[in-house]
Amino acid sequence: MEGDRRRPPGKLDAAASLAARALPSFCTPFLDQARLDARMLLDRAGGKTPAPVIERLPSPTPLDEVDPLVLLPRRLADKVRTAHRDIAMLGGRLIFGKTPAPLIERPRPAPGAVVSLARKAPQMARTVKVVDVVRETADAVSIYLTEEDGSPIEFKPGQFLSVDVNVDGHKLRRAYSLANACLPGVPVHITVKRMADGRVSNHLNDTIQAGDTLSVLGPSGNFTVEPRSVNERHFVMLAGGSGITPIMSLLETVLHQEKRSKVTLIYGNRGWDDIIFRERLARLSVELGERLVIDHVLEKPPEAWSGGEGLLSDDVVLERLDALGIEDDGMLRYFVCGPTPMMEAVHEVLKRRGVDAARIAEERFTRPEDRHGGLGSDKIELVVISKSGSEHGVQVAPGQTILEAALAAGLDMPFSCAMGGCGACRVRQRSGDIQVEEPNCLSRSEKERGYILTCVGRPLAQSRIEVEGS
Amino acid sequence: MLTNKVLENLPFSIRRRLEPYIEAVQVMTETSNPKVLRAMAPSGIRGLILQRGKQGVPTKMPSHHETHFDWTYPNDQPEMRELYTRAKEQQWNGEDLPWDIDVDPENPEVPIIPPEFMSYDELRGMGIKLTELEQHRLNASVGAWMLSQFLHGEQGALFAAAQVTEAVQFFDGKLYGSTQVVDEGRHVEVFHRYLDTKLNKLYQINDNLFVIIDALIQDSRWDLKFLGMQIMVEGLALGAFGTLYQMTKEPLLKELLKKVIQDEARHVHYGVIALRDHFQNELSESEQREREDWAFEVALLMRNRFLSYEVYEEWFEHKITRKQWAHMVSHSPGFEIFRQVMFQRLVPNLREIGLLSDRIKPHYERVGLMQYFDGRSADHLSGDELIAELDAA
């Protein structure tokens, strides 16, 4: 349908427009009709019949939009227009005291306008140095790190680094918790346990050595605690396998800084030789006496084992809590980190015991390859990002995350772990359709309120997001 | 003087309306050389009275120069050929600037221009008390105003460079000129991107800058275009960019200006070598005088009238008079440094091309510009040396 076709105004229209401006306004309808009539007569006289189909009939330009200067030759008309503007400028200033606006009005980027195009791969990660490598068990290795200039990496107990590793030409990203006490002078390390089929964990266990560098993001994460020397608290920490790494940092930091607090650790492993930090924990236990209670639970215990046995299922967790005499007094704080079945079991038991969810901190890690629902659109989509009162249009290529596209386009976006685990890149979706990889760290209520994570979010259609608090 | 007295006795609202016109008439009547007045007056009327640059429509300026073809492609100016080679080697891409830097023009930690740029004490004396936040905002406005004028100047330079490339009679000059056109296009690109995406603000063209651009774009004489563009406007730009480069704490702007300054140094160098022989050997005495006076008038226009009136109109038009504003700005520490660096660059170049004869020297002496006479001219200063000099200052 050609809805907006207009017949360009001719001399006749211009003459009618001029007359309409000169004569009183009640004459305008007559003049308007007269020019249409005259035009029709002239057309017919010239052998032109009106188009029989209405859609093809060009509509006449409304009389008040016809510029009477069409009557003049183009150059002369331009001169008259310039003179008109000059007089308006002079008159406006002298008579009405009107100064021309000092600023040039610029259209703000409308939704759909593309201001920035992604050009370069964003530099998100930074390099850190591997200064030492210590084998903790046959299947776990601690990697000691400093910033590239040799300074210590700053973090809060329980936080993790996102580590980018190239394996067979593929860049893979994994989260590894910083496992040392967050105290001055204590060397900073992550500890990596070999997972069955784990491409990154096996690669690091097999190849990493002092003098290497790693590409990392962060530290990130809210699985942390703020130690204060005046506190007197009781923490119950439950760890399964490599889930000990953030727990180790938390308990060492808390017990050193809060001299009156105590920790009960329930720590599940396959066998006695699989226990990461076994010696370190034993030493701590001697040093701290009854402020640190360690309860090892082994799936395949050695002979004459008197401690807890089995996988950390709900029965076993319940049994261990009872065996340790832990009564929830409404003040206990729980920190839980381990494989998903164990996390669920602990969650269930604590719920049954009536523990308020606000007192339970959980840390879950999933491999990006195990997440689902994140491919996004198969064509380039536009995402309009409002930030600090301005709007920026960003083109997001298929497969690219919104964060990657925005950083590549030069926008300063909030982010930290870049793998859906910390929530630093949380933004609010205002319109459109954005797919976010699951699972991620957003709570159910955050999702309901329209929050998404840009680091694992990809548009399915043109969308609009808002970076809050900027 | 009489007009000043009459103005002072008028009600504020009437005075505000008349002041710009009286100022415009004063500028034109101050010109002593009738030939210069004849050449500049139409531009003065279009820019200062009719404010053609601010009418909200694209401005059309006819050009009257001749395009000079040479079908023999001579190697006629080795120094220009050398500049052409250097220009090709030093091309850069505006996209490569660190655009990912987040700029907050009101952040006092990383100011666009330093906090002591404007004289707030004098403003206070006029009854205008600004809070700290308002001072940051005013400073950010002055920064955006300066950069807006740079952008408008660069648009003028882009078209003037194209005209000069057509009009110049040296073939090596034409080749070099083609690189300058690209340079100016890139400068328009980066200044516009900075204003549009980082400062989110764009001021109208200053009326005096419009007059200069209008005069040189419409003048048919190639050497006057050269003088206006390559020596005066580019010289002004070089000084202004240098000042801002020294003063700004904003890292993206600093990097941007550093790149632009290195280009500008070549542009002024070209102007000096193209005009040196022409002015000394080809012109009659009266033509020489006219150019001398023209340069002096334009220098004055730039010294006295480039006073961020658009910021005044945005902020204080209803509170203080234009004259009070002009006094405050011309005595503010930032603008004083700005003018100093500008003339430090300009005056030695005028000397080098022979436009500082004994006849005109007393005029420069009177307005305090002769102190810059012994400086190094652009043909003896590379872009790198300029940056090193600015960094050391």
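Begin by selecting helix 11 of chain B, where 15 of the 21 residues are buried, so that this helix is largely enclosed by the rest of the structure. Keep in mind as you look that the model is a predicted one. With helix 11 still selected, follow residues 285-305 of chain B from end to end: the helix reaches 30 Å from its first C-alpha to its last, which is close to the 30 Å expected at 1.5 Å a residue.

Next, show both chains and turn to the place where they meet. Here 31 residues of chain B are in contact with 24 residues of chain A. The size of an interface is often given as the accessible area lost when the parts come together. For chain B and chain A the area buried between them is about 2,600 Å², with 51% of it on carbon and sulfur atoms.

Now select B:Arg52 together with A:Asp86, and display their side chains, which meet in a salt bridge at 2.4 Å from N to O. Between chain B and chain A the count of salt bridges is 3, and across the interface 10 residue pairs are found in polar contact, both residues being at pLDDT 80 or more.

Then colour helix 2 (12-29), helix 7 (171-199) and helix 12 (309-315) of chain B, the elements that each give two or more residues to the side of chain B that touches chain A. Helix 2 of chain B supplies the largest share of that side, 5 residues. Finally, colour the residues of the side of chain B that touches chain A by their kind, and you will find 9 nonpolar, 6 polar and 16 charged.

Technical notes: Residues numbered from 1 in each chain as written. Chains lettered and ligands numbered in written order. Predicted model: local features only at pLDDT ≥ 70, side-chain atom pairs only at ≥ 80, totals over all residues. Heavy atoms only, no water. Contact = heavy atoms within 4.5 Å. Buried area = accessible area lost by both parts, 1.4 Å probe. Salt bridge = Lys/Arg side-chain N within 4 Å of Asp/Glu carboxyl O. Polar contact = N/O pair within 3.5 Å; in protein donor to acceptor, adjacent residues only side chain to side chain. Helix = DSSP H or I, 4+ residues; strand = E, 2+ residues; numbered from the N terminus. Nonpolar A, V, L, I, M, F, W, Y, C, P; charged D, E, K, R; others polar. Expected span 1.5 Å × (residues − 1). Buried < 20%, exposed > 50% of the residue type's maximum accessible area, 1.4 Å probe, protein only.
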